[in-house]
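Colleague: I am new to reading protein models. Could we go through one together, feature by feature?

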Amino acid sequence: MTVIFDGIASGMLLFLISVGLSVTLGLMNFVNLAHGAFAMLGGYVCVTLLNRAGVPFLATLPIAALATALVGVVLERTLYRRLYAASHLDQVLFSIGLVFMSIAGAHYFFGAQQQPMVLPEFLQGQINLPGLDIGVYRLFLIVLSLAIAYGLNRLVRGTRFGAQLRASVDNPRAARGVGINVERIFTLTFALGTALAGLGGALGVEMLGLDPSFPVKYIVYFLIVVAVGGSGNIMGSLVASLILGVVDVAGKYYVPQIGAFVIYAVMVVMLIFRPQGLFGRRAAR
Amino acid sequence: MQAALTLDLAPIARADRWRPAELAFWLIPVAAYFIFPDNLVLLTQIAITALFCLSLDLILGYAGIVSLGHAAFFGLGAYAAGLLAAHGYGDPLFGLVAAAIVTAVLGYVTSFLVLRGADLTRLMVTLGVAMMLYEVANKLTSITGGVDGLQGMEVLPVLGQFEFDLYGKTAYWYAIAVLFVLFCVARKLVHSPFGLSLKGIRLNVGRMPAIGAPVNARLSAVYTIGAAYAGIAGALLAQTTQFVALDVLSFNRSAELLLILVLGGSGSLYGALLGTIVFMSAHHLLSDLNPQYWQFWLGALLVVIVLFARDGVMGGLRRLGAALGRNK
């Protein structure tokens, strides 16, 4: 039971970070491999505020999200927007370039070592039930992720902004024709995606660790979530993250010999049978 | 109707002929041997990477199949040759052929997975295949040595004549010779009707079946060939360094290779070679100064290329040539 619970918690964390990617990749159709770099930025903002400025942990989370979103918006306005119409290969190369730069930057400012992180008292410790040990922080992650999943789903499916976003993605020309400011929608969406990445990165420091190689180490996981869940599909990402988290933790726990092999195998098999993802719809572009 | 039958194929046939500039290019490795006799190890690395880059160029530049996991074939080839040499079959050419066969088989099998999806799915599937191989090599420590690398290789002299020496002279000429032979084969290939049909598929995949080209069969054939090339490059690396590190299968290697190809200009064989030369030289010179700065500038360079100079060094040369042509 504890294994399943830990798997769910790590899946939720994956979801938090990769749902941002699902937004940029799926809704905006931009292959942003630099997503992990934004998550790393959020992590560093959180750690720096916590350790050097003494800001309480809960307050660092929104700051991390906002700071990352700000950087995201600046990059979107200057660089990303030029590549919306480019091929996927160009987008991949461009974002790999950003990843390299971010890794070098993190090395320069923070050094190669893991960043220490001390959680506040009330998030430490465990709740012991018969047959199940629940880490308080993990429980906190699960609740927060579910809230965000619900909120995002409402945002995309149920609000005016969501409708405008879906229209802009499906047919930018027609959307422009009916008076939607497509550029602004895309900038806002990109900001949302990077803010989620920053938040996920800040929350993930405790479980995933934080060092300059973060963007490369975990980008594969984020991509798997999006690819398996069907890009642009928030509930799909949630389910995919949960499957991935549970399979990954259970795999490492029960059969450590094969390690991460399982998740790659699951992904490849998945993609062969459903190239558009578990819950995906065919790309409209 | 008559006009179509007497279509002038002369320009296509002419493209197959060797130009003087190309012959001059192949004097570079000879010259480099005498100019930089102390850097033969680096030069050998350049030759091997150039071959590896050539293999990606065949599948990406000509056929348009994107791959984020080309290191899978490189690594498999390296381990195949390495394991053969470590178990007493140390003849280098035999190792190359064996590596080529093994990787071609993997390439053929995985080509069907790769061909199923569009760009994004292909990126993910190639990446997934490479990561699976990485994990396998990582965990099978009894066979591959895991993170410690594969040791104990005994490579016999090339053709029974030329022993691998301490200064890397034999290794250098061996790598250059293999690169040259395979380059000629690739050159023949891309100018053949087969190569032209690949270009057609990349440019307009909907039209090709209409003129009778079996798209999937062609793509899977070129993917197999590209895989074999990468395997040979990996085998060369294993034989010349007498060591196989786990890093041959890593994601970084695949990503870096893409970068090199784009730097040189994909879709042109010399672009692959030039990109490798520029990249490896820059890496050698700059990373001595500071490894972290190197990575930063590498990233910046990539961003600039994508935004402003999509066709790389070859494109730049072509524009330069066109500008010079106008001035005359």
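Modeller: Gladly! Let's start with Arg77(A), which is exposed because 12 other C-beta atoms lie within 10 Å. The general idea is a count: with C-beta atoms placed from the backbone, a residue is buried if 20 or more others lie within 10 Å of its own, exposed if 12 or fewer, and partly exposed in between. Arg77(A) sits in helix α3 (residues 57-78) of chain A. Helices (H or I, at least four residues) and strands (E, at least two) are DSSP runs, numbered from the N terminus.

Colleague: How should I take the numbering, and what kind of model is this?

Modeller: This is a predicted model, in which local features need pLDDT of at least 70 and side-chain atom pairs count only at pLDDT 80 or more, while totals for chains, interfaces and linings use all residues. Residues are numbered from 1 along each chain as its sequence is written, and chains are lettered from A and ligands numbered from 1 in the order in which they are written.

Colleague: What separation do the C-alpha atoms of Arg77(A) and Arg184(A) have?

Modeller: They are separated by 9.9 Å, although the two residues are 107 apart along the chain.

Colleague: How many residues of chain A are in contact with chain B?

Modeller: A contact means that two C-beta atoms, placed from the backbone, lie within 7 Å. Here 35 residues of chain A are in contact with 34 residues of chain B. On the chain A side, the elements giving two or more residues are α4 (88-110), α9 (214-229) and α11 (261-273). The largest share, 17 residues, comes from α4(A).

Colleague: What does UniProt list for chain A?

Modeller: An unreviewed UniProt entry lists "transmembrane region" for several stretches, among them residues 7-27 and 92-110 of chain A. Such positions follow the numbering used here, feature names are shortened, and annotations may be inferred rather than shown by experiment. In the model, residues 7-27 of chain A are 100% helix and 0% strand, with end C-alpha atoms 27 Å apart. Residues 92-110 of chain A are also 100% helix and 0% strand, and their end C-alpha atoms are 26 Å apart.

Colleague: Is Gln242(B) buried, exposed or partly exposed?

Modeller: Gln242(B) is partly exposed, because 18 other C-beta atoms lie within 10 Å. Look for Gln242(B) in the loop between α12 and α13 (251-264) of chain B. Its phi is positive, about 55°, although Gln242(B) is not a glycine.
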